[in-house]
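Hi,

Here is the structure I promised to pass on.

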Amino acid sequence: MALPWLAASVAAQPDPARLDPAKGINDPELARSDFIEHCGGCHGPDGRSAPAALPELRGRVGWLMCTPASRAYLLRLPNIAHSRISDNAELADMLNYMVFVVGGDSAPVGTRPFTAEEVTRERAHPLVSGSLTAERARHVGEAIRQCHAPVSLRLNFPGEKKG
């Protein structure tokens, strides 16, 4: 059975062959495929999760690269730290695809791509306790204060109605 919304969303993704190699993506096709398979079910294949009550990644996730703590937070999220992608270089590729392609221009200028070594170090310490919502709010608050991220980042997706 064809899913037209999925086909249109996947087709809207940038051509991985045209990615800047400075973004730390060694295999753009695999990184894109990994993102769709491992993240797209919840966050949407193009990073748009709305209206689900999940953080939308499209055009926004790069802001969480602005501090060392928020970079580590992304790597320590349970679905990243416990990912079935066991090769840390492949996981770094997928995360760099998420940040620099799905996140668009949201990463601060000069942001370093994730490396296999960084992934190895941080995924060994997954977030397991406490509220992930509160943890995200803390890192978003820092991105707003320190890096001038838009205040709308506090919402799961632009235009979300709280209450």
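Reading along the sequence, you'll see the protein chain run α-α-α-α-α-α-α-α. In other words, there are 8 helices and 0 strands. Please keep in mind that this is a predicted model. The chain has 163 residues, and 44% of them are buried. If you take the contacts with a separation of 6 or more, 68% come from residues 24 or more positions apart.

Helix α7 covers residues 116-123, and its buried residues are E118, V119, E122 and R123. Where do they sit around the helix? They span an arc of only 110° around the axis, so they end up on the same side of α7. What do these buried residues pack against? Their partners are α4, α5 (78-81) and α6 (88-102).

First, α4, which is made of residues 68-76. Its axis is 9 Å from that of α7, and the two helices pack at an angle of about 75°, which makes α4 roughly perpendicular to α7. On the α4 side, the contact is made by R71, A72, L75 and R76; on the α7 side, by E118, V119, E122 and R123. Sorted by class, that contact has 5 charged residues, 3 nonpolar and no polar ones.

Next, α6. Here the axes come within 8 Å of α7's and cross at roughly 100°, so α6 is also roughly perpendicular to α7. The residues that meet are N88, A89, L91, A92 and L95 from α6, and A116, V119, T120 and R123 from α7. By class, this contact has 6 nonpolar, 2 polar and 1 charged residues. V119 and R123 are listed in the contact with α4 and again in the contact with α6.

Now for a couple of histidines.

H125 is in the loop between α7 and α8 (132-147). Is H125 buried, exposed or partly exposed? Its relative accessible area is 46%, so H125 counts as partly exposed; the cut-off for exposed is over 50%. H125 is also 9.4 Å from A72, C-alpha to C-alpha, although 53 residues separate the two in sequence. A72 is one of the α4 residues that touch α7.

The other one is H148, in the segment after α8. Its phi is near 60°, which is a positive value in a residue other than glycine. With a relative accessibility of 64%, H148 counts as exposed.

Last item: aromatics. How many aromatic pairs does the structure hold? There is 1. It is formed by F35 and Y97, and it is tilted, with 5.9 Å from centre to centre and 50° between the planes. F35 belongs to helix α2 (residues 28-38) and Y97 to helix α6, so the pair ties together parts that are 62 residues apart in sequence. Are F35 and Y97 buried or exposed? F35 has 0% relative accessibility and counts as buried. Y97 is at 1%, so Y97 counts as buried too.

If you open the model, I'd begin with α7 and the residues it buries, E118, V119, E122 and R123, then go on to the F35 and Y97 pair.

Cheers

Key
Residues are numbered from 1 along each chain as its sequence is written. This is a predicted model: local features need pLDDT of at least 70, side-chain atom pairs count only at pLDDT 80 or more; totals for chains, interfaces and linings use all residues. Side-chain values use heavy atoms; hydrogens and water are left out. Helices (H or I, at least four residues) and strands (E, at least two) are DSSP runs, numbered from the N terminus. Buried means under 20% relative accessible area, exposed over 50%, partly exposed in between (1.4 Å probe, protein chains only). Axes are lines fitted to C-alpha atoms, for helices over the stretch in contact, and angles run from 0 to 180 degrees between N-to-C directions. Angles under 35 degrees count as roughly parallel, over 145 as roughly antiparallel, 65 to 115 as roughly perpendicular and the rest as oblique. Contact means heavy atoms within 4.5 Å. Ala, Val, Leu, Ile, Met, Phe, Trp, Tyr, Cys and Pro count as nonpolar, Asp, Glu, Lys and Arg as charged, and the others, Gly among them, as polar. The arc is that of the directions from the helix axis to the C-beta atoms. Rings of Phe, Tyr and Trp (its six-membered ring) pair if their centres lie within 6.5 Å; planes under 30 degrees apart count as stacked, over 60 as edge-to-face and the rest as tilted.
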